[in-house]
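Work through the following exercises with the model in view, taking each solution one step at a time.

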Amino acid sequence: MSKYAAAPSPYSHQPQTPEHKSKTLVVGLTGGIGSGKSAASDWFAQQGIDIIDADVIAHEVVVKGSSTLRKIQRKFGDWVLNADGDMDRAAVRTHVFTYPDALIELEAITHPAIREAAKKQLAESTSPYVVLSAPLLIEAAEAGLANLCQRILVMDATENTQLARASQRDALSVQKIEAIMVNQLSREERNRHADDVVLNESDLAALYVQLEPLHQDYLKLAQQLKFAAD
């Protein structure tokens, strides 16, 4: 099923907590920069699978006028807002990069909001299973989202491939891409936490060939989960 075997995820097959009693199978999708998470997520969506995107949620919870943004303003000061009242992402990014403790304080505010929004989307899902996409699903437990997943799917690629894809897609310098990669787990460590690993080193057609049997397996697991819960 996977490109190569990986050790069981520490998040997989955990008893569901009282706040997560859904009968829906949740597959956590993650991977390093340039690994192909977006391409995989798009393919699952084309199969009719609901996608919960942690990056999208992270932006939505701090929109102008939101309670989360007001909490950030009270914690750090008015400088977190630009002239239009939106979050000054560049300023906040620079601040937490300069002061690591500030990142912890920021995440203490944003992560609960991200988690609650993800849980709401999960409760509203109607597809056979759900893909929860989060770039730092394993590294920082991404607002505890990993604990909502029954399986972890890791998109894998060599560092050279990651650099090439990210530089072409985002027009980032090699130095900036490498800086992002430093803050992410190594390939080996990330794959060690995975239930399923897809080595994405070729074109989209080759990627889809690997995703199709995973999709079929997830459909079967989803049916088993619903049957066991009934």
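**Exercise 1: the pockets**

α1, α6 and α9 (204–229) each give at least two residues to the lining of the second largest pocket, helices being DSSP runs of H or I with at least four residues, numbered from the N terminus. The model is predicted, so that local features need pLDDT of at least 70 and side-chain atom pairs pLDDT 80 or more, while totals for chains, interfaces and linings use all residues. Residues are numbered from 1 along each chain as its sequence is written, and side-chain values use heavy atoms, without hydrogens and water.

Task: describe the lining of the second largest pocket by residue class.

Solution. Step one: a pocket is an open set of points on a 1 Å grid over the protein atoms alone, where a 1.4 Å probe fits, with protein on both sides within 12 Å along at least five of seven lines, and lining residues have an atom within 4 Å of a point. Step two: the lining divides into four nonpolar, six polar and four charged residues, where Asp, Glu, Lys and Arg count as charged, Ala, Val, Leu, Ile, Met, Phe, Trp, Tyr, Cys and Pro as nonpolar, and the others as polar.

**Exercise 2: a helix pair**

Task: state how the axes of α4 and α5 are arranged.

Solution. Step one: the axes, lines fitted to C-alpha atoms over the stretch in contact, with angles from 0 to 180 degrees between N-to-C directions, come within 5 Å and cross at roughly 125 degrees. Step two: α4 and α5 are therefore oblique to each other, since angles under 35 degrees count as roughly parallel, over 145 as roughly antiparallel, 65 to 115 as roughly perpendicular and the rest as oblique. Step three: Val92, His95, Val96 and Thr98 in α4 meet Pro100, Ala102, Leu103 and Leu106 in α5, contact meaning heavy atoms within 4.5 Å. Step four: this contact has six nonpolar, two polar and no charged residues.

**Exercise 3: the largest pocket**

Task: name the element that supplies the largest share of the lining of the largest pocket.

Solution. That share, seven residues, comes from α5.
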